[in-house]
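Hi there,

Here is the structure I promised to pass on. Have a look at it first, and my notes follow below.

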Amino acid sequence: MNRRATSLLLTASLLIGTASAVHAALPEEATLYKNPQCGCCDEYARQLEERGVSVTIIDDEDLGKIKQEAGLPYGLGSCHTILMGGYAIEGHVPFEAVERLFEERPKVDGIGLAGMPIGTPGMPGPKRDEWNVYQFTDQEPMPFMTL
């Protein structure tokens, strides 16, 4: 085998290994709590399932109670809450942040992205502003990452 073919094969192997490691970091199952009329939540779940996570969707739950039990900071909520791998994920958090959460496994209750920003997973349209993903513990937010 010549050098070029060997180099290409090695590069492809590294890329495949990196992609597998990212997906391997995500838990196998998640539960998404939402309002039954919210279609963007269903789209977020679909995109999460594309990453190998089996998502159970629960409608008509008392979302306020779910958010409070998860330790979500007041005023930083979104349209859905996901419980996954011992963490709460609030709203349309970009998957780059979700993957980082499960790679690093910090001692927090979860991460979130307030509101329903355009361009995030499940929300149509192009990205307009920076997304400030926060981490939280006992209803106290702190910065996690900006995308």
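To start with a question: is Asp138 buried or exposed? This is a predicted model, and in it Asp138 is exposed, because its relative accessible area is 59%. Asp138 sits in the loop that links β6 (132–137) and β7 (140–146). Most residues other than glycine have a negative phi.

Arg105 is another non-glycine residue with a positive phi, near 45°. You will find Arg105 in the loop between α4 (95–104) and β5 (110–112). Arg105 counts as partly exposed because its relative accessible area is 43%.

Now to the strands. Four of the five residues of β3 (residues 80–84) are buried, so this strand is largely enclosed by the rest of the structure. β3 pairs with β1 (residues 29–34) in the antiparallel sense, over four bridges, and with β4 (residues 87–90), also antiparallel and over four bridges. Leu83 is the bridge partner of Thr31 and stands opposite Ala88 in β4. Two residues lie between the strands in the hairpin of β3 and β4, where Gly85 takes a positive phi near 55°.

Finally, Glu90 belongs to strand β4. Glu90 counts as buried because its relative accessibility is 1%. Beyond its neighbours within four places in sequence, Glu90 contacts several residues, including Lys67, His80, Thr81, Ile111 and Tyr134.

Best wishes

Note on methods. Residues numbered from 1 in each chain as written. Predicted model: local features only at pLDDT ≥ 70, side-chain atom pairs only at ≥ 80, totals over all residues. Heavy atoms only, no water. Buried < 20%, exposed > 50% of the residue type's maximum accessible area, 1.4 Å probe, protein only. Pairing = 2+ DSSP bridges. Contact = heavy atoms within 4.5 Å.
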